[in-house]
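Me: I would like a close look at one part of this model, its pairing of charged side chains. Please take it step by step and say what each term covers.

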Amino acid sequence: MASIRQRGNRWQCRVTRHGFPPETKSFATKADAETWARSIEVEMDKGVHQNRASVERTTLADILLRYAEEVTPCKKGAKDEAIRLNALRANKLAKHSLANLSAAAVAKFRDERLKTVSAGTVLRDLALISSVLNHARREWGFPVENAVQAIRKPRQPQGRERVLSHDEEARLLAASAPIGRRSPWLQPIIILALETAMRRGELLALRWEHVSLDKRTALLPDTKNGTRRLVPLSPRAIDTLKHMPRAIDGRVFPISEPALHLRFKLACDRAGIDGLHFHDLRHTATTRLAEKLTNLAELSAVTGHKSLQMLKRYYHPNAEALAEKLARHG
């Protein structure tokens, strides 16, 4: 039953029902208190009532922090996700309580972010917020709706189609040669990326104990997809590995990700190559491997793609080359 009493200039309503925790809330008018009491009693009668106190006193920032501390460290991309979570916590959207986190508030966040960052970045932000809200509801018991699911998402940007030409490759390798104070690891890691289609993180995690020059393979015990992968090594890759210096810590490429990013950019500048990212080497390698491995199952086994749809994002055939093939078979 509901009891309503005036306390100062506010009306306090308390709803009690056997089998449910008591609900208490204050209102500016008695009519508002009565309306709220009826809605709570109807929910209790239907057996769908959930205590809202937790979502009223908990902000989005609170659960973003808890997610960063309890869930993110168990993920492969923990470092990058932690950075994104911290940035989201600093946004004014995070000041909303879970009870007041409406679709309109999330839509406003989307529109403001689109003014300063790409649609892809906004999509990743929204996907992370959605994951946090779903986790809070399923695992932590917060009776919260996922407002992200109710809004229109920005259009998915087209995937990058940057493929390194053979002329650009020659210039890039010349610009990354270990001359003077240049890193001895940059040119080899570029060659391995082009020959194996391995991801940057996979190359940086590669250890000599997992490389077999005799069997011409490199073992990746723990990939982005959560599975191990045995990568075949081309003669060029084998030759590159044979002539590399070996670090005492056992890593094939003892270089940090930020250092690789900086040195790769400097090499591109020296080579006069614009708009090239290190990840584009994986696109290039996949496209070249597709010309040698026409069996999609074999190709995906080398590249580590789990679906044909993802594989297609990395395969960028040259239209002129395809026309030449059609002419030969026509």
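Which side chains meet in a salt bridge with N to O at 3.6 Å?

Reply: This is a predicted model, in which local features need pLDDT of at least 70 and side-chain atom pairs count only at pLDDT 80 or more, whereas totals for chains, interfaces and linings use all residues. Residues are numbered from 1 along each chain as its sequence is written, and side-chain values use heavy atoms, with hydrogens and water left out.

The pair you ask about is Lys92 and Glu112, a salt bridge being a side-chain nitrogen of Lys or Arg within 4 Å of a carboxyl oxygen of Asp or Glu. These partners are 20 residues apart and link distant parts of the chain, since Lys92 sits in the loop between helix H4 (78-90) and helix H5 (103-114), while Glu112 belongs to helix H5; helices here are DSSP runs of H or I with at least four residues, numbered from the N terminus. Glu112 is partly exposed, at a relative accessible area of 29%, where buried means under 20%, exposed over 50%, and partly exposed in between (1.4 Å probe, protein chains only).

The whole structure holds 17 salt bridges. One of them joins Arg199 to Glu202, whose closest N and O atoms are 2.6 Å apart, and both of these residues are buried. Another, at 3.4 Å from N to O, joins Asp269 to Lys265; because they are four residues apart in helix H11 (residues 257-271), about one helical turn separates them. Asp269 is partly exposed, with a relative accessible area of 46%, and Lys265 is likewise partly exposed at 46%.

The axes (lines fitted to C-alpha atoms over the stretch in contact) of helix H8 (residues 186-196) and helix H12 (residues 280-292) come within 6 Å and cross at roughly 40 degrees. H8 is therefore oblique to H12, as angles under 35 degrees count as roughly parallel, over 145 as roughly antiparallel, 65 to 115 as roughly perpendicular and the rest as oblique. On the H8 side the contact (heavy atoms within 4.5 Å) is made by Ile190, Ala193, Leu194, Glu195 and Thr196, and on the H12 side by Leu281, Thr284, Ala285, Arg288 and Leu289. These residues divide into six nonpolar, two polar and two charged, with Asp, Glu, Lys and Arg counted as charged.

Conventions. Axes are lines fitted to C-alpha atoms, for helices over the stretch in contact, and angles run from 0 to 180 degrees between N-to-C directions. Helices (H or I, at least four residues) and strands (E, at least two) are DSSP runs, numbered from the N terminus.
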